[in-house]
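Dear colleague,

Please find the structure below, followed by a short account of what was found in it. Kindly keep the model open while reading.

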Amino acid sequence: MRAFRAAERMLGVRFRLQGRDAARGLDCVGLIWAAYQAAGVLLIAPRHYPLRGWCGARVIEALDHSGLVRADDMPIKIGDVAMVVGEAGQFHLGMMGVGQVIHAHAGLRHVVAAPLDEEWCAARRWRLPAA
């Protein structure tokens, strides 16, 4: 919940590829890592990933090694990290909340909240391990 609240505070932050600092800009990966860091959780971040062309297996591997655990077979929980695949095969991350997902939108050039639609609800998900 704290990570999601931190992500909400980042709404409107400008988009920046490889951005990990809200003061300078965030991409979808950076948003997730910055939100969890603001909540006191340090995740292992992937390095040197492209905007397009990173294969799904590498994205999944990075998430599996981040400190998060898979949550595909569990009910959606606030703060879950979801991965969707865009039209051009581009992988995109967002943080799920009640009825919405927060993500860094490259086209709109900033962090936005969007309705939690079927695509996000059906996405692969990760979360912090249970304590």
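**Surroundings of Leu43**

Leaving aside neighbours within four places in sequence, Leu43 is in contact with Ile32, Trp33, Tyr36, Ser66, Gly67, Leu68 and Leu128, where contact means heavy atoms within 4.5 Å. Please note that this is a predicted model, in which local features need pLDDT of at least 70, side-chain atom pairs count only at pLDDT 80 or more, and totals for chains, interfaces and linings use all residues. Residues are numbered from 1 along each chain as its sequence is written, and side-chain values use heavy atoms, with hydrogens and water left out.

Leu43 sits in the loop between helix H2 (28–38) and helix H3 (56–64). Helices (H or I, at least four residues) and strands (E, at least two) are DSSP runs, numbered from the N terminus. With a relative accessible area of 13%, Leu43 is buried; buried means under 20% relative accessible area, exposed over 50%, and partly exposed in between (1.4 Å probe, protein chains only). From Leu43 to His65 there are 22 residues in sequence and 8.8 Å in space, C-alpha to C-alpha.

**Two helices with buried residues**

In H3, the residues Gly56, Val59, Ile60, Ala62 and Leu63 are buried. They are on the same side of H3 because they cover an arc of only 160° around the axis; the arc is that of the directions from the helix axis to the C-beta atoms. These buried residues of H3 pack against H2, S3, S4, strand S5 (91–96) and S8.

Helix H1 (2–9) follows the segment that holds Met1. Buried in H1 are Ala3, Phe4, Ala6 and Ala7. Seen down the axis of H1, these buried residues fall within an arc of 160°, so they line one face of the helix. Arg2 and Arg9, on the other side of H1, are exposed. The partners against which the buried residues of H1 pack are H2, S5 and strand S6 (100–105).

Met1 itself counts as exposed, at 52% relative accessibility. The C-alpha atoms of Met1 and Ala71 are separated by 16 Å, and these residues are 70 residues apart along the chain.

**Salt bridges**

Side chains of opposite charge can pair when their charged atoms come close. A salt bridge is here a side-chain nitrogen of Lys or Arg within 4 Å of a carboxyl oxygen of Asp or Glu. How many salt bridges does this rule give? The count comes to 4 salt bridges.

One of them joins Asp64 and Arg70, whose closest N and O atoms are 2.6 Å apart. Asp64 counts as partly exposed because its relative accessibility is 31%. Arg70, at 37% relative accessibility, also counts as partly exposed.

Another salt bridge joins the side chains of Arg125 and Asp80 (2.6 Å, N to O). This pair links distant parts of the chain, 45 residues apart: Arg125 is in strand S8 (residues 124–127), while Asp80 is in the loop between strand S3 (69–70) and strand S4 (81–85). Both Arg125 and Asp80 are buried.

Asp80 also forms a salt bridge with Arg127, the closest N and O atoms being 2.8 Å apart. Here too the pair links distant parts of the chain, with Arg127 in strand S8 and Asp80 in the loop between S3 and S4, 47 residues apart. Arg127 and Asp80 are both buried. Through shared partners, the salt bridges join Asp80, Arg125 and Arg127 into one network.

**Two residues with positive phi**

Gln18, a residue other than glycine, has a positive phi near 70°. Its place is in the loop between H1 and strand S1 (20–21), and at 27% relative accessibility Gln18 counts as partly exposed.

Arg109, likewise not a glycine, has a positive phi near 70°. Arg109 is found in the loop between S6 and strand S7 (110–115). At 47% relative accessibility, Arg109 counts as partly exposed.

Yours sincerely,
A colleague
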